[in-house]
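Let's take a walk through this structure together, strand by strand. Keep the 3D view open as you read.

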Amino acid sequence: YDECSDLFQDIIWDVRGDTFAVTNKDKAVRIVDGRTAKTAQKIENAHEGVKSMKLSYMGETGKILTTGASKQSGREIKIWDLKHLSKPL
């Protein structure tokens, strides 16, 4: 997978092994098709702070949990529906 120029902060596979999610310093979360290594979905600015983000698939619910920081460095936890990534739940 070469669509990111920075080092990854976190990488996780979904429960079925079809896709994986990655984060890096550009503050985006990318959902990547494991077979083609192409970005299938992207969350721009999932968290606005400079601290690293961590990810977790929430089983087979179709949701992903992200932890990161706000602009004021306060910790944030967000849950995203993979069918509607325009805003967190």
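How many bridges join S5 to strand S6, and which way do the two strands run? There are four bridges between S5 and S6 (residues 63–69), and the pairing is antiparallel. Please keep in mind throughout that this is a predicted model. Within this pair, you can find Tyr57 standing opposite Ile64 in S6. The two strands make up a hairpin with five residues between them, and in its turn Gly59 has a positive phi of about 65 degrees.

Follow the chain onward from S6 and you come to another hairpin. Strand S7 (residues 75–81) runs antiparallel to S6, and seven bridges join the two. Here Ala69 is the residue opposite Arg75 in S7. Five residues lie between the strands of this hairpin, and Ser73 takes a positive phi near 70 degrees.

Now turn to the earlier part of the chain. An open sheet is formed there by four strands in the order S1-S2-S3-S4, with antiparallel pairing. At its edges are strand S1 (8–13) and strand S4 (39–43), each of which pairs on one side only. On average, neighbouring strands of this sheet are turned by 20 degrees against each other, direction ignored. Inside the sheet, strand S2 (residues 19–24) and strand S3 (residues 29–33) run antiparallel and are joined by five bridges. Look for Ala21, which stands opposite Ile31 in S3. As background, strands of a sheet pair through backbone hydrogen bonds, either parallel or antiparallel.

Some of these residues come back when we look at the interior. In soluble globular proteins, nonpolar side chains tend to be buried together. The largest nonpolar core here has 13 residues, and the members that touch the most others are Ala21, Val29, Ile31, Tyr57 and Ile64. S3 and strand S5 (54–57) are the elements that give two or more residues to this core.

Leaving aside residues up to four places away in sequence, its contacts include Ile12, Ala21 and Ile31. Ile64 also touches Leu55, Ser56, Tyr57 and Met58, as well as Lys78, Ile79, Trp80 and Leu82.

Finally, let's consider the charged side chains. The whole structure contains six salt bridges. One of them is formed by Asp18 and Arg35, at 3.7 Å from N to O. Asp18 sits in the loop between S1 and S2 while Arg35 sits in the loop between S3 and S4, so this pair ties together parts that are 17 residues apart in sequence. Asp18 is partly exposed, with a relative accessible area of 25%, whereas Arg35 is exposed at 65%.

Arg35 also forms a salt bridge with Asp33, with the closest N and O atoms 3.7 Å apart. Asp33 is buried, its relative accessible area being 18%. Through shared partners, salt bridges join Arg16, Asp18, Asp33 and Arg35 into one network.

Another salt bridge brings together the side chains of Arg30 and Asp26, at 2.7 Å from N to O.

Conventions
Residues are numbered from 1 along each chain as its sequence is written. This is a predicted model: local features need pLDDT of at least 70, side-chain atom pairs count only at pLDDT 80 or more; totals for chains, interfaces and linings use all residues. Side-chain values use heavy atoms; hydrogens and water are left out. Two strands pair if DSSP finds at least two bridges between them. Axes are lines fitted to C-alpha atoms, for helices over the stretch in contact, and angles run from 0 to 180 degrees between N-to-C directions. A nonpolar core is a set of buried Ala, Val, Leu, Ile, Met, Phe, Trp, Tyr and Cys residues joined through side-chain atoms within 4.5 Å. Buried means under 20% relative accessible area, exposed over 50%, partly exposed in between (1.4 Å probe, protein chains only). Contact means heavy atoms within 4.5 Å. A salt bridge is a side-chain nitrogen of Lys or Arg within 4 Å of a carboxyl oxygen of Asp or Glu.
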